[in-house]
Amino acid sequence: MNDHPRLTAVFARLSFGRTSGKKPARKATDNPKWEKRLQKELMAIMKDPPDGITVSQDTLEGSDLSQICVNMTGPSGTLYEGEAFMLRFKFGPKYPFDSPEVVFTGENIPVHPHIYSNGHICLSILTEDWSPAMSVQSVCLSIASMLSSCKEKKRPPDNSFYVKTCHKNPKKTRWWYHDEDV
Amino acid sequence: MSSDDEDYLYDDDSDDSGNESTVNQDEDDDNDDFGMDIGLGEEASGSGGGGGGGLMMMVSGADKKGSDHAHPYEVLSTEQIVEHMVDCIKEVNSVIQIPTTTVRILLNHFKWDKEKLMERYFSDSQEQMFAEAKVVPPYKLGAKAMVAPDLGGRGVSLSAKSTLECEICYLTLPKSLTTALECGHPYCNSCWTEYITSKIMNEGASQSIECPGNCDILVDDVTVMKLVKDSKVKLKYQHLITNSFVDCNRLMRWCPAPDCPNAVKVQFVESRPVKCRCSHLFCFACSENWHDPVRCVLIKRWIKKCDDDSETSNWISANTKECPKCKATIEKDGGCNHMICRNQSCRADFCWVCLGPWEPHGSSWYNCNRYDEDEAKNARDSQEKSRAALQRYLFYCNRYMNHLQSLKFENNLYSMVKDKMDEMQQHNMSWIEVQFLKKAVDILCECRRTLMYTYVFAYYLKRNNQSELFEANQKDLENSTEHLSEYLERDISAENLVDIKQKVQDKFRYCDSRRRVLLDHVHEGYDRDWWVYTSDDITS
Ligand SMILES: [Zn+2]
Ligand SMILES: [Zn+2]
Ligand SMILES: [Zn+2]
Ligand SMILES: [Zn+2]
Ligand SMILES: [Zn+2]
Ligand SMILES: [Zn+2]
């Protein structure tokens, strides 16, 4: 499940449904059981950080675990060597049974055939191939490996159309994955 | 609800010694409550069709005319669908001795085609077959599973010796509170339950729930039933399983009538009429209302065309028209096409369909059923041609819709006839003597149904000698059906009973025989390739 072939969105259509109302959205941290899991996830990353991945300072200083940021450094020996990126994770009330919302954020969005210039990532484990046994760490590793295997820095072919029309939340995009080696 | 729940709960303690089916035999037709035993590995109900005997209905071809539909078919209630599913599993299991839960996943993978499954199972690519179906081959199971086959399901509860950390909630728990499939990925039971529940309730998954681990292994039904306690979730799961069983079984089809819980099972897939217990008559091949003599491809095309042109058809099916003579608005309130203007100073007799005078409709030269192709032929430029094409379509659509509309008054007609039958019985006629009226309405409706579809057939048909004969048959049936309709709606009164009875009987016998003549002729044409269609891409 984790080592799915590299996938790309060949077509992404605009969101259904808008974020409604003024009610504060429910979050993973509303449920103490899942807040514990998130704490443990972060602790594991801090204790034994995978190559090039650290939890951002803001997250560590803040108190809200329903949204965290992770710094990622372009793996050495790849097209992204030395570049600094930031990933933002948002956890909904059904996490970990529902996947987190994961986007690149900040000034530097990797130029990659599966990453849109607004930070949205076309990766099947972030939607239909998600499993509750995955974690922040395994998502980071999948994204790092996606960067590592890239042979040419370019945007997805439908980038400008997608960015103009998509929903803020990439999970609202109906992604069309297709097996294509990049 | 609680005592009923027991009827479909999977029995955890089941062992190899004859687990009695808990199919709820004495319930009524309440579909939400069906007894189900999908996990059933061991022994299916000994009762089979026995206890529910009366429910099984064997019907042989409801409409024997036209072609030989001698093969019997069955109408299955939801319980019987489950029984049938269990029978399929048992049948395979008697040949291939692997856990029944695995058999079910394999069967589902092969769309419940037993032969295909057996073929693959006994081929060289057996291992690959298991991988494609996302199950661990039973011979690869560890000794543990072999020693303790009575745990029920492939999900094996591990022994209580030590603890482990659940990879979902990250809590450390005694192993006894965790479950793993053969792939050996353990999660705590409460995470499993939440995971499976969210798959079932949010994603509508049933046959495709995978182990959360880094493997594709599917969760079997016994494990689902063991881990899920909420009866609402269980019920949804059972519905999903039955749905997918019927949907991917070529020999089964849900009755398309709204809210009908039954399915029909045939022995061969073919275009044929099947009648559900709810009395809905439909075509097994395409699920549309039974549409003899027109074939499935054409009826599909036609329905799509009507949907695309919904504006025109709305216009046509509108229930009001103007009297051709005095322009008063006329509303149709029955099925008969012979209209008499209600305007006392007008009283014009005319035909609802063509708005022409009624008078010539009974004579031999008048064609209310045939579109005048000469007009289309004479159309020269493209605009005129497309106008002619539209008019041709409207012509047939109008007649089709008209019968459809008349059939909607069917119930009114039955209740009106029932009143008349009561009335007659008060005039010294016996119950048996008045039954001819009901029979007449039956035949009238059958004729309208057939006529309706003949206009679809005619629309796609190219003119030739045989098509002219067809149109003559159609016209004859159209006329006699209108006469019958008129008798039933207007002419019966207490005074002329004896006289009218003879007339009605003669007329419906005539209609019935003409209907069969028409159908036989069309079917003969299929056999002998008489029919030429207006569009080349129609193959029948
Ligand atoms: Zn757990
Ligand atoms: Zn697994
Ligand atoms: Zn039905
Ligand atoms: Zn059909
Ligand atoms: Zn009038
Ligand atoms: Zn007419």
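Are B:Cys188 and B:Cys191 buried or exposed? Both B:Cys188 and B:Cys191 are buried (under 20% relative accessible area; exposed is over 50% and partly exposed lies in between, with a 1.4 Å probe and protein chains only).

## Basis of the model

This is a predicted model, in which local features need pLDDT of at least 70 and side-chain atom pairs count only at pLDDT 80 or more, while totals for chains, interfaces and linings use all residues. Residues are numbered from 1 along each chain as its sequence is written, chains are lettered from A and ligands numbered from 1 in the order in which they are written, and side-chain values use heavy atoms, with hydrogens and water left out.

## Chain B

Chain B contains 17 helices and 15 strands (DSSP runs numbered from the N terminus: helices are H or I of at least four residues, strands E of at least two). Of its 540 residues, 50% count as buried. Where contacts in chain B join residues at least 6 apart in sequence, 60% of them link residues at least 24 apart; contact means heavy atoms within 4.5 Å.

## Zinc ion (ligand 1)

B:Cys166, B:Cys169, B:Cys188 and B:Cys191 coordinate the zinc ion (ligand 1) through their SG atoms at 2.3 Å. Donors are N, O and S atoms within 2.8 Å of the metal (3.2 Å for Na, K and Ca); water is not among the atoms, so sites may look incomplete. Along the chain, the donors of this ion follow the spacing C-x2-C-x18-C-x2-C.

The arrangement is tetrahedral because the 4 donor atoms subtend angles of 99 to 119 degrees; four donors count as tetrahedral if all angles lie between 85 and 135 degrees.

## Zinc ion (ligand 3)

The zinc ion (ligand 3) is held by the SG atoms of B:Cys255, B:Cys260, B:Cys276 and B:Cys278, at 2.2 to 2.3 Å. Its donors show the spacing C-x4-C-x15-C-x1-C. B:Cys260, in the loop between strand S8 (252-254) and strand S9 (263-265), and B:Cys278, in the loop between strand S10 (273-275) and strand S11 (281-283), are 18 residues apart and link distant parts of the chain.

B:Cys260 counts as buried because its relative accessibility is 15%, whereas B:Cys278, at 35%, is partly exposed.

## Interface with chain A

In chain B, 18 residues are in contact with 14 residues of chain A.

Technical notes:
Tetrahedral: all angles 85-135°; square planar, octahedral: opposite > 155°, others 65-115°.
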